[in-house]
Amino acid sequence: MTATVDKAESVLGQPMRRKEDARLITGQTQWTDNVTLPGMVHMAVLRSPMAHARITRVDVTAARERPGVVAAYTGTDLADSWSSLPMAWTVSEDLKTPPHMPLASDKVRYVGDGVAVVIATDPYAAADALEAIEADYEPLPAVVDMPAALADGAPLVHDDIPNNRCFTFRQDWGDFNATRARADVVLKRRFYNQRLIPNAMEPRSVVVAPTSATGQATIWSATQVPHFVRIFLALNTGVPEHQIRVIAPDVGGGFGSKLDIYAEEVIAFVVARKLGKPVKWTETRSENYQATIHGRDVIQEVELTATADGRVLGLKVDLTADMGGYLQLLTPSIPLLGRYMYPGIYKFEAHTLTCQGVFTNKTPTDAYRGAGRPEATFVIERIIDELAAELSMDPIEVRRRNWIRHEEFPYTTVVGLTYDSGNYEAATARALELFRYDELRREQAERRDRGDTVQLGLGTSTYTEMCGLAPSRWLGETGYAAGGWESATVRMLATGRVEVVTGTSPHGQGHETTFAQIAANSLGVPYDDVDVIHGDTLTAPIGLDTYGSRSLAVGGVAVQMAAQKVVEKARALASHLMEVDPGDLEFQAGAFRVKGTPGAEKSIQEIAFGAFAAHSLPDGMQPVLTADHIVDPEVFSYPHGTHLCAVEVDTETGLTKIRSYVAVDDVGKVVNPMIVDGQVHGGVAQGIAQALFEEAVYDDDGNLISGTMVDYLVPTALDLPAFVTDRTETPATTNPLGVKGVGEAGTIASTPAVVNAVVDAVRPFGISDVQMPCTPERVWRAIQQGRAAGGPAPKGTIAYGGPQTATTAGGAE
Amino acid sequence: MIPAAFDYVRAHSVDDAVSALAEHGDEAKVLAGGQSLLPLMRLRLAAPAVVVDVGRLADLRGVREDGDTLVIGALTTHHEVLTNHLVRQHARLLAEVTATVADPAVRHRGTFGGSLAHADPAGDLPAAALALGASLVAQGPAGRRTIPAREFFVDYLQTALSPDEVLVEVRVPKLDAGWGFHYEKLHRVAQAWAIVGVAAAVRRDNGSIAEARIGLTNMGTTPLRAEAVEQALAGLDTSDEEALAQAADRAADGTSPPSDLSGQSDYRQHLARVLTRRAVRKAAGLA
């Protein structure tokens with residue numbers, strides 16, 4: 001594959017090398033922390049060592065005397081400069097949004113809550129001076145466990161929010177109770193999606209230059225959402241929006257954790273303006289673990305009703321979600337982003353969802369790769385496997401009996417979402433073939449028969465998800481403050497080169513490549529001639545940034561539409577210059593040709609120069625070949641796929657090893673298959689990490705005891721198998737590119753596939769669930785329970801064991 | 001992740017290092033490969049006033065033979081140990097154990113002596129040194145002294161080194177013909193500490209186990225020798241699987257391993273038994 005393609009059409013769907021990579025892998029880029037400005041000073045944040053305490057005194061006087069210190073401030077010192085950090089999604093009428101000041105001055109509500117800052121001439125002086133701040137606290141009892149936080153008489157995280165209840169929500173589709181009366185099988189399970197730490201490779205970082213030649217304050221931030229940061233800094237501090245420029249330079253990952261407006265961004269902005277000096281703050285990994293949002297932390301009580309022949313009837317889910325100590329930008333919306341996904345790919349008659357959000361003295365939660373949809377998919381894909389086990393049916397067969405068949409699309413699910421397209425049969429058939437499912441089932445039976453120390457387990461996940469956030473009208477109806485459109489500009493320069501401006505803000509996804517492929521394909525110009533501009537509110541002023549697998553399905557479509565507008569304008573100019581009717585022109589491979597007249601042609605680059613020179617334009621046509629387009633999607637997109645996982649469980653040690661993993665995804669049309677593979681690989685790894693390795697664990701006092709990478713286990717390539725990936729391609733019918741979105745798919749799909757496999761391996765011991773992460777100790781203890789009872793463990797035994805967040809201690813009845 | 005302020009002394013000789021240590025006492029810490037000390041300093045769990053860098057003392061680096069003993073310089077990196085032909089020939093257990101230490105980046109910086117002097121019972125090398133009956137040579141103001149491994153590891157992160165001593169080399173008795181080795185390590189991810197590790201050296205003689213030495217990782221505040229297992233194994237017929245298993249079942253005798261996020265104490269004791277059986281069988285060539 002060469003980077004320069006003559007037949008421009010062929011660029012789409014090709015594994016073009018990423019334009020980003022050369023600079024990224026040779027260190028030629030600039031991360032926020034690389035920004036160095038004359039006179040720049042450095043900020044460090046004093047954080048609460050207690051989960052819950054009243055602040056009785058914060059005195060920064062001594063810190064101000066430390067060498068190199070320029071200034072030091074408490075929350076009270078700066079109280080007039082800012083307001084509460086934003087929360088943008090009013091998910092219910094009873095939602096309580098407590099104040100969340102950038103620095104706490106009354107109470108601290110989690111370990112890591114900021115109480116003061118030091119500004120010094122270098123980061124070391126700033127860090128050292130923190131030790132000179134005198135902060136006194138009156139400790140209060142911490143609430144860590146969600147059910148305990150909801151109990152009457154529990155300590156209150158926010159004094160005026162009774163029972164720590166943030167919101168409640170209930171929605172019924174169909175009559176669940178009626179299905180229970182008819183059901184042959186009623187299954188109840190309690191699942192826990194543990195708390196996770198997103199772990200972007202680049203920590204958060206912000207640099208603020210209070211002035212510039214244009215008079216704008218300039219903020220560099222390692223963020224997914226520069227446009228959000230601009231708007232909310234303006235709203236928070238009263239500085240006019242047009243006087244703020246936000247730049248997200250190359251950003252090293254986010255996974256949702258940089259989809260937020262953080263205290264440190266506001267503090268650095270306020271302090272830089274106060275001092276008249278550029279201010280830099282970069283978090284340490286330890287701070288990242290405490291003070292950047294966490295993900296998941298959701299308890300789900302699930303009830304499934306079904307017939308004896310394995311047909312599902314109804315699904316009821318009672319969900320309790322941990323908000324942490326405050327609401328960040330989207331905190332309460334995360335469980336609700338999953339609310340329509342509980343039925344998955346299956347034809348239910350009824351579904352009831354109740355949901356409540358709870359404040360605890362822990363780090364706030366917010367969007368983490370998948371954001372609500374992994375939690376929902378975990379429930380449905382786990383409970384379907386449980387139904388299969390209950391009925392002694394093959395889990396694939398149970399799925400076949402219940403899923404939407406390909407000829408039934410478009411299909412409106414019980415919750416009212418209309419899936420436009422899909423082919424679950426095809427993806428599953430391909431996955432089974434690649435996985436050699438039948439062969440593995442035979443081996444599993446053999447190992448069971450001979451009581452092998454190492455047992456084999458097979459897990460399935462036939463997921464779908466809703467992505468491509470989002471139709472603005474839908475967002476409005478659900479209480480979100482803004483819209484979900486996306487903008488693009490495509491402009492052809494005088495020299496024939498092309499600039500694509502996108503309002504999305506990539507942080508690793510490769511938009512510079514993918515969007516260049518789209519534009520090059522539409523315009524018929526060489527891929528190398530197209531550059532993509534993003535992540536700077538000055539050069540890409542209109543946009544809603546990157547999250548929710550939206551960039552291609554919304555932003556990429558905007559690029560396509562803008563490029564087509566450019567072609568249409570070029571066609572009009574070509575017809576004018578060539579003196580032929582526009583209908584007599586055909587556009588192919590970057591040139592307009594007069595039909596039936598060989599040799600009569602003008603390239604789009606020639607037309608672009610004509611538009612630039614503007615010597616001869618049709619009446620009313622404006623100079624320059626450029627076009628804007630803003631797409632507001634009418635519906636979501638629905639990628640799907642079948643993931644199969646085989647694990648080997650060592651029954652003596654409890655250790656689980658993934659033996660093979662097959663992912664067959666259907667993400668619609670593919671622009672760059674290499675990038676899609678990368679997204680699937682990374683997503684699957686992250687989902688496996690939840691299933692087997694990662695958990696943010698707090699002790700009873702609210703201390704994060706998995707506070708470093710020694711205790712919070714992020715797997716590497718050494719711990720993961722070679723993934724087998726393939727695709728089926730069922731184009732989306734709801735956008736002109738036929739694309740669906742892939743950024744979160746792997747994460748959503750893989751977690752239940754792995755846990756299903758682990759449970760399948762140890763089910764003969766009477767185990768019907770293993771709590772995530774499925775640590776060796778948890779699996780071993782479950783097996784021990786069975787052996788102690790002189791045989792298999794009592795049916796329904798859940799593998800617990802080992803230290804865990806108090807929230808998880810409840811267990812299933 | 002920014003360490004507290006400290007003074008830095010680069011030692012140009014062992015004497016240099018010793019006198020710097022003598023001057024600053026327990027305010028000072030020796031820096032070798034930095035793979036344990038630097039993270040602790042960055043987390044401010046350690047805040048030495050003075051760091052004495054021995055990293056450039058070339059004469060502390062390398063492996064040589066001294067009769068029936070292998071002498072490994074304290075500054076020899078894990079990577080050098082792993083790839084050294086003398087180690088492979090005469091102390092293969094060290095190579096096997098070292099191969100499981102963290103990742104290539106750590107193995108290129110971290111040193112053999114450093115990980116012994118750090119004395120983390122979760123580290124892999126202390127148990128191996130103990131099992132092999134190594135001796136550790138320390139140099140202080142009064143000259144050199146030799147400390148047997150069984151006396152070297154005193155408590156959690158504490159050794160018999162006094163504050164003014166530098167570990168200079170490790171003497172490992174050659175174990176050649178007739179010996180088999182295996183390190184059985186259970187950890188959740190490749191870069192994580194062992195939940196439990198078992199280092200086994202077994203000498204077979206004529207169908208039976210003549211001698212076994214078992215070192216345990218992360219089963220207490222120091223690395224341990226599983227002496228009850230060693231005694232029970234001596235003289236066992238290698239075909240007597242049941243007796244081997246019974247011997248291995250004594251691996252946790254007298255231990256009180258820690259409870260932490262990777263495993264509670266009783267689980268570690270269970271693992272010690274299982275992993276000892278596996279390590280011994282592999283070291284004896286039975287698996």
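Just after helix 16 of chain A, E579(A) adopts a positive phi of about 55°. This angle, like everything described here, comes from a predicted model.

Helix 16 of chain A has 28 residues, and at 1.5 Å a residue it should span 40 Å. Its end C-alpha atoms lie 38 Å apart, which agrees with that expectation.

Which residues does P582(A) touch, leaving aside its neighbours within four places in sequence? Its contacts are R571(A), A572(A) and S575(A). Is P582(A) buried, partly exposed or exposed? P582(A) has 14 other C-beta atoms within 10 Å; a buried residue would need 20 or more and an exposed one 12 or fewer, so P582(A) counts as partly exposed. Along the chain, P582(A) and A663(A) are 81 residues apart, and their C-alpha atoms are separated by 47 Å.

The remaining topic is the contact between the two chains. Chain A brings 27 residues to this contact and chain B brings 17 residues. On the side of chain A that touches chain B, the elements giving two or more residues are helix 3 (123–129), helix 8 (285–291) and helix 20 (776–788) of chain A. Helix 3 of chain A gives the most to that side, with four residues. Sorted by class, the side of chain A that touches chain B consists of 13 nonpolar, eight polar and six charged residues.

Terms used. Residues are numbered from 1 along each chain as its sequence is written. Chains are lettered from A and ligands numbered from 1 in the order in which they are written. This is a predicted model: local features need pLDDT of at least 70, side-chain atom pairs count only at pLDDT 80 or more; totals for chains, interfaces and linings use all residues. Two residues are in contact if their C-beta atoms, placed from the backbone, lie within 7 Å. Ala, Val, Leu, Ile, Met, Phe, Trp, Tyr, Cys and Pro count as nonpolar, Asp, Glu, Lys and Arg as charged, and the others, Gly among them, as polar. The expected span of a helix is 1.5 Å times one less than its number of residues.
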